[in-house]
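Here are my notes on the model you sent over. Have the structure open as you go through the points.

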Amino acid sequence: MISEEFYYHDVKDYLNKAITTMIVGTPTDQRSQFFYNHHLEKKSGVLIRIDHDAQKDSVIINITDYISNEHRTYTGQPSTIIPYAFNLYRHHFETVMYDISSLSHQMTMFITKLLVTKYKPRRLFSSYVEPNSYLRQNRDGKYDLTEEILGIKPIPGFARRQRNKEKLLVFLGFEGSRLSNIIDNLNNITEVVPIIGSPSYNPRWFVESLWNNINSIKKSRDDSYIKKCSADSVFDAYKIIDEEMQLCDKESCVLAPFGSRAHSLACALYASHNKSTRLIYDNPIEINPRSTGIKLIKVYHLTQFITV
């Protein structure tokens, strides 16, 4: 596997010319608005916006085709309406980029599976916009980024049979209660491997994530060890998953992406290529707006993950 991660300003000119279809999510803050606004101004190719309502398990898809100068809207359940919309526009899937900083975690993972295993564009990119800071903090000074957690249910395309004994590889973010809830609800977990994201430009976020999760980590197993991974690196996360999978039966390993969107993307890429790997998600409802400003923008070249 070749690590192909770039800063947006280094590949911007190429992407502006190459992208034929851009997929974005709901623009709720500056970072999630960036690529949506950029392509509204650019007015070329096809712009697909997917607004996801996790509580209703539904999406609204707005598609603007600047080539034929038409606009279409579709509404329905993600597992059926997104493939339907993609089928209509797959002839424009020459070079596709999707923005995971505006898409929900659930849609990031589902769309990844669709693109690398079914629609298979000639070239595939994903973008990630990191904010300057997160907005909501509670009285203890901890980040409060979730309204509620809907609970564990399969991501479309990733449903797998639960094993009697499973090893949990869990990517962690600021909210320590999420790991605790999973451990309390899954009685078949025999080992937990916590993986915490570490932004090189803000080491305080790593310390806060570790502090918020430490009690849950201790609760999971006395001998748990903590792994560290770059919070904005899809390829670093994928490498850690692959290394851990070599140490166990892949059918008994479970991926839980509770960290950054880059980590959710890595989990989806791995599970898309390893059909026996189970992926679970607790479906939090995110508070929006949840961040301010733009710190950096990264682009991941994912063409190598497209199945032949």
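How many helices and strands does the protein chain have?

1. **Overall make-up.** The protein chain has 8 helices and 17 strands. Helices here are DSSP runs of H or I with at least four residues, strands are runs of E with at least two, and both are numbered from the N terminus. Keep in mind that this is a predicted model: local features need pLDDT of at least 70, side-chain atom pairs count only at pLDDT 80 or more, and totals for chains, interfaces and linings use all residues. Residues are numbered from 1 along each chain as its sequence is written, and side-chain values use heavy atoms, with hydrogens and water left out.

2. **Burial and surface.** Of the 308 residues in the protein chain, 56% are buried. Buried means under 20% relative accessible area, exposed means over 50%, and partly exposed is in between (1.4 Å probe, protein chains only). The chain exposes about 13500 Å², with carbon and sulfur atoms supplying 47% of it; these areas come from the Shrake-Rupley method with a 1.4 Å probe, and for residues only the protein chains shown count as cover.

3. Take the contacts (heavy atoms within 4.5 Å) with a separation of 6 or more: residues 24 or more positions apart account for 77% of them.

4. **Helix α8.** This one covers residues 261-273, 13 residues in total, and reaches 19 Å from its first C-alpha to its last, close to the 18 Å expected at 1.5 Å a residue. The expected span is 1.5 Å times one less than the number of residues. Because 12 of its 13 residues are buried, α8 is largely enclosed by the rest of the structure. Among the buried ones are Arg261, His263, Cys267 and Tyr270.

5. **Helix α3.** Residues 78-89 make up α3, whose 12 residues reach 16 Å between the end C-alphas, close to the expected 16 Å. Its buried residues are Pro78, Ile81, Ile82, Pro83, Ala85, Phe86 and Tyr89. What covers them includes β2 (21-24), β3 (46-53), β4, β5 and α4 (105-119). An α-helix has 3.6 residues a turn, so residues three or four places apart point the same way.

6. Strands β4 (residues 58-65) and β5 (residues 70-76) pair in the antiparallel sense over 7 bridges; pairing takes at least two DSSP bridges. Isoleucine 60 stands opposite threonine 75 in β5. There are 4 residues between the strands, and asparagine 69 takes a positive phi near 55° in this hairpin.

7. **Threonine 64.** You'll find threonine 64 in β4, and it counts as buried at 18% relative accessibility. Its side chain makes a polar contact with the side chain of histidine 71 (3.0 Å). A polar contact is a pair of N or O atoms within 3.5 Å; within protein, one must be able to donate a hydrogen and the other to accept it, and residues adjacent in sequence count only if both atoms are side-chain atoms.

8. **Histidine 39.** Sitting in helix α2 (residues 30-42), histidine 39 is buried at 4% relative accessibility. Leaving aside neighbours within four places in sequence, histidine 39 is in contact with Ile19, Met22, Leu47 and Tyr66.

9. **Two loop residues to look at.** Lysine 43 isn't a glycine, yet has a positive phi of about 55°; it is in the loop between α2 and β3 and is exposed at 55%. Aspartate 57, also not a glycine, has a positive phi of about 50°. That aspartate 57 lies in the loop between β3 and β4 and is partly exposed, at 28% relative accessibility.
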